[in-house]
Amino acid sequence: MLPYTLGVSACLLGQKVRYDGRHKFDPTLEQLLGRQCVFMPICPEVEVGLGTPREPMRLEGDPANPRAITLHSRRDLTDLLAAHARKRLDALLCMPVQGFILTCRSPSCGLRSVPVYGEGDRTAIGSGIFARACADRLPQLPMVEAIQLQQPEVRHLFLASLSGGHSSP
Ligand code: SF4
């Protein structure tokens, strides 16, 4: 059986692409899925040219449709990230991508785990700009946060769902 190809947040694969110039390497991905899966690194924030290190951002506003705002300069990066996500997904759909593994709590990659701030305090939980674009465009594609794969039942379900994932345009 050919391995599955998964889009993976690049910081989880050890690439130093986080806002602070660090990675978020998760060695268990290779240990748990390396025999069945090939990992394709994706970093939406670096790919739009934000550079590393960079000013951090957070989600603000309507939890169902939040904006990505830089913490200090208050730059709204939502449209930049969303436009890139659309283009990136178009490109990915030309490849045999069967699913995504994403970084929790990231304003770009987090999947239903990201704090969305209202006036002053944290008010809700939402998804990052890239993760939401993926979920909206490809609702049938298996997507999971890496941390969830530590649970054997979640990992089993994710692997089982890959065979039904998108594999062609
Ligand atoms: Fe890049 Fe996503 Fe990792 Fe943030 S969470 S550093 S956007 S890959």
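**View 1. α4 gives the most to the lining of the second largest pocket, with 5 residues.** This is a predicted model, in which local features need pLDDT of at least 70 and side-chain atom pairs count only at pLDDT 80 or more, while totals for chains, interfaces and linings use all residues. Residues are numbered from 1 along each chain as its sequence is written, and side-chain values use heavy atoms, leaving out hydrogens and water. Helices (DSSP runs of H or I, at least four residues) and strands (E, at least two) are numbered from the N terminus. A pocket is an open set of points on a 1 Å grid over the protein atoms alone, where a 1.4 Å probe fits, with protein on both sides within 12 Å along at least five of seven lines; lining residues have an atom within 4 Å of a point. Among those lining the second largest pocket you will find Asn65, Arg86 and Asp136.

**View 2. The largest pocket has a volume of about 540 Å³.** That volume is the space filled by probe spheres set on the grid points, which are joined across faces, edges and corners. Look for Arg18, Tyr19, Arg105, Ser106 and Pro107, which lie nearest the centre of this pocket, out of 27 lining residues. Two or more lining residues come from each of α2 (44–47), β3 (57–60) and β6 (114–117).

**View 3. The ligand sits in the largest pocket.** Around the ligand are 14 residues, and Cys11, Ile42, Cys43, Ser106 and Cys109 come nearest; a residue counts as near if one of its heavy atoms lies within 4 Å.

Key
Sits in = over half its atoms within 2 Å of the grid points.
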